[in-house]
Amino acid sequence: MMHVEALVEDRSGALIFRSLCEQELSGLEAEIGLDITNDLRAHRGLGHLPRNWDAEPSPLLGGLLDLLPAKLRAYRRILDVESDLLIICFDSDRNDPEELREQIETVLGKYYQGRRAIIAIAVEELESWMLADEAAIASAYPDYDAQLYQQYQQDSVCGTWEYLCRVLEGKRAEQIIEEGYPSVGRYKMSWAERISPLLDAEHNQSPSYISFRRKLRKALRQKVHPQNR
């Protein structure tokens with residue numbers, strides 16, 4: 001038995017992540033003969049690491065990074081050191097993914113050292129993992145702009161959700177983009193609800209997703225073959 005606990009930045013991203021991750025877990029259960037349970041925790045955005053990592057977070061904060069030190073302290077008590085796996089998944093936005101990774105690794109080193117954890121960073125946003133599956137987009141949105149889609153470069157820093165909006169929404173896109181948040185959040189949820197169930201984890205073309213997939217498969221196989229660690 002193994003448990004996978006995943007922390008994801010927001011609700012729309014959680015739909016995308018769940019669809020892809022559960023496909024991977026299901027396939028690996030059959031491949032390595034291991035029962036895997038999973039829980040996914042969505043947050044209210046990325047937030048920021050607190051100045052004092054040891055302090056209890058404010059109840060007004062709900063971002064993934066806002067709560068991360070406190071959650072790691074809790075997970076250290078309740079997750080099994082040998083079998084359970086923690087995944088931290090978020091967008092890089094306009095930040096340097098490697099700088100973000102180093103920050104998270106530092107927090108993990110302080111509160112979660114010696115335990116199993118994977119950092120999954122989507123470049124630029126988790127919507128890039130939907131843009132990495134044209135078949136899913138075409139099935140969910142038959143009128144999508146195929147010509148514009150073909151110009152997209154996987155994992156490019158190009159205003160990812162805006163690009164996806166233009167691919168899916170056509171003439172309405174600029175009005176939606178201009179509206180901004182919080183109404184954009186509703187559109188993101190709608191896109192994720194329609195596209196996520198159709199995503200194919202095995203054929204996803206996003207380099208950042210492929211990197212996460214390799215790490216996940218390696219971590220789960222190490223549970224069965226610990227001598228390969």
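Guide: One term before anything else: a residue is buried if its relative accessible area is under 20%, exposed if over 50%, and partly exposed in between, using a 1.4 Å probe and protein chains only. This is a predicted model, so local features need pLDDT of at least 70 and side-chain atom pairs count only at pLDDT 80 or more, while totals for chains, interfaces and linings use all residues. Residues are numbered from 1 along each chain as its sequence is written, and side-chain values use heavy atoms, with hydrogens and water left out.

Visitor: OK. Is Trp191 buried or exposed?

Guide: Trp191 is buried, at a relative accessible area of 0%. Tyr187 and Trp191 both belong to helix α9, four residues apart, or about one turn of the helix. Helices here are DSSP runs of H or I with at least four residues, strands are runs of E with at least two, and both are numbered from the N terminus.

Visitor: How many aromatic pairs turn up in the whole structure?

Guide: The search finds eight. Rings of Phe, Tyr and Trp (its six-membered ring) pair if their centres lie within 6.5 Å; planes under 30 degrees apart count as stacked, over 60 as edge-to-face and the rest as tilted. The Tyr187 and Trp191 rings have centres 6.3 Å apart and planes at 35°, so that pair is tilted.

Visitor: And what kind of pair do Tyr144 and Tyr149 make?

Guide: Edge-to-face, because their ring centres are 6.4 Å apart and their planes are at 80°. Both Tyr144 and Tyr149 are buried.

Visitor: Which residues do ring pairs link into a cluster?

Guide: Phe17, Trp129, Tyr209 and Phe212.

Visitor: Which residues touch the most other members of the largest nonpolar core?

Guide: Phe17, Ile87, Trp129 and Leu220, in a core of 53 residues. Helix α1 (residues 11-32) supplies the largest share of this core, eight residues. A nonpolar core is a set of buried Ala, Val, Leu, Ile, Met, Phe, Trp, Tyr and Cys residues joined through side-chain atoms within 4.5 Å. A second, separate core has 19 residues, including Leu46, Leu64, Leu79 and Ile121.

Visitor: What does Phe17 touch?

Guide: Setting aside residues up to four places away in sequence, its contacts include Ile87, Leu126, Trp129 and Phe212. Contact means heavy atoms within 4.5 Å. Ile16 is also in helix α1 and is buried, at 0% relative accessibility.

Visitor: Trp129 keeps coming up. Which backbone oxygen does the side chain of Asn204 reach?

Guide: That of Trp129, at 2.9 Å. This is a polar contact: a pair of N or O atoms within 3.5 Å where, within protein, one must be able to donate a hydrogen and the other to accept it, and residues adjacent in sequence count only if both atoms are side-chain atoms. Asn204 lies in the loop between α9 (183-195) and α10 (207-224) and is buried, with a relative accessible area of 3%.

Visitor: New topic. How many disulfides are there?

Guide: Zero, searching the whole structure; a disulfide is a pair of cysteine sulfur atoms within 2.5 Å. For Cys21, the closest cysteine sulfur is in Cys89, 8.8 Å away, which is too far for a bond.

Visitor: Which residues of α7 are buried?

Guide: Thr160, Trp161, Tyr163, Leu164, Cys165, Val167, Leu168 and Glu169. That makes eight of the ten residues of α7 (residues 160-169), so the helix is largely enclosed by the rest of the structure. Among the elements covering these buried residues are α4 (127-131), α6 (146-150) and α9. Gly170 follows α7 and has a positive phi, near 60°.
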